[in-house]
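Subject: Structure handover

Dear colleague,

Here is the structure I said I would pass on. My notes on what was found follow below it.

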Amino acid sequence: MNYCALHQNNRLLFAALSSIDVSNFNLRCERVVRRKNFKVTPNGCGTKEFPVDVSFIPGATNCCDQHDLCYSTCNVKKRKCDDQFLNCLRSSCRMNYKHQKETSMKKNCLRLSQVIYSTTLALGCVPFMDAQKSACRCVDNKRDEL
């Protein structure tokens, strides 16, 4: 069972962190396909309800947009998207703070990248499930649509 499925039962927390109803969301669909005419609209960093300022990590908005695209990819594992997100943030830190005199800035950037990643791991289930529900649909007989 994946992390989001384990935390799906805590509907009170999900309700507090977002405005979506997860009571009927079921992750047991065996065959998931992309919805026709679905277009991903990356929204930068954070969610509509909780935008996040990442100006302290140059290039982070691009990483966030790629993360949004990943979350909207059917059959993807949340952890894979989150790990790619961390790698992107770290790469941005390394690319933007190359010089020796910027060592402390690079260290701070890498630490902040880890904080953002950890927050995404802990609080990203609802946005992940919401993106999957918007982008994908279930086509097996065991389950209605996501």
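In this predicted model, the buried residues of helix α4 are K78, C81, D82, F85, L86, C88, L89, S92 and C93. Viewed down the axis of α4, they fall within an arc of 160°, so they line one face of the helix. The helix covers residues 78-96, and at 1.5 Å a residue its 19 residues should span 27 Å; the end C-alpha atoms are 27 Å apart, which agrees.

Beyond its neighbours within four places in sequence, I116 is in contact with V54, F56, I57, F85 and L89.

On the disulfides: the search of the whole structure finds five.

- C45 to C64: the S to S distance is 1.9 Å. The torsion about the S-S bond is about 95°, so this disulfide is right-handed. C45 lies in the loop between β1 (32-34) and α3, and C64 in helix α3, so the pair ties together parts that are 19 residues apart in sequence. Both C45 and C64 are buried.
- C63 to C88: the S to S distance is 2.1 Å. Here the torsion is about -80°, so the disulfide is left-handed. The pair links helix α3, which holds C63, with helix α4, which holds C88, 25 residues apart. Both C63 and C88 are buried.
- C93 to C109: the sulfur atoms are 2.0 Å apart, and with -80° about the S-S bond the link is left-handed. C93 sits in helix α4 and C109 in helix α5, 16 residues apart. C93 counts as buried at 0% relative accessibility, and C109 at 2%.

As for the chain overall, there are six helices and two strands, in the order α-α-β-α-α-α-α-β from the N terminus. Of its 146 residues, 36% count as buried. Among contacts with a separation of 6 or more, 69% come from residues 24 or more positions apart. The accessible surface is about 9,300 Å², and carbon and sulfur atoms account for 51% of that.

Regards

Conventions
Residues are numbered from 1 along each chain as its sequence is written. This is a predicted model: local features need pLDDT of at least 70, side-chain atom pairs count only at pLDDT 80 or more; totals for chains, interfaces and linings use all residues. Side-chain values use heavy atoms; hydrogens and water are left out. Helices (H or I, at least four residues) and strands (E, at least two) are DSSP runs, numbered from the N terminus. The expected span of a helix is 1.5 Å times one less than its number of residues. Buried means under 20% relative accessible area, exposed over 50%, partly exposed in between (1.4 Å probe, protein chains only). The arc is that of the directions from the helix axis to the C-beta atoms. Contact means heavy atoms within 4.5 Å. Accessible areas come from the Shrake-Rupley method with a 1.4 Å probe; for residues, only the protein chains shown count as cover. A disulfide is a pair of cysteine sulfur atoms within 2.5 Å.
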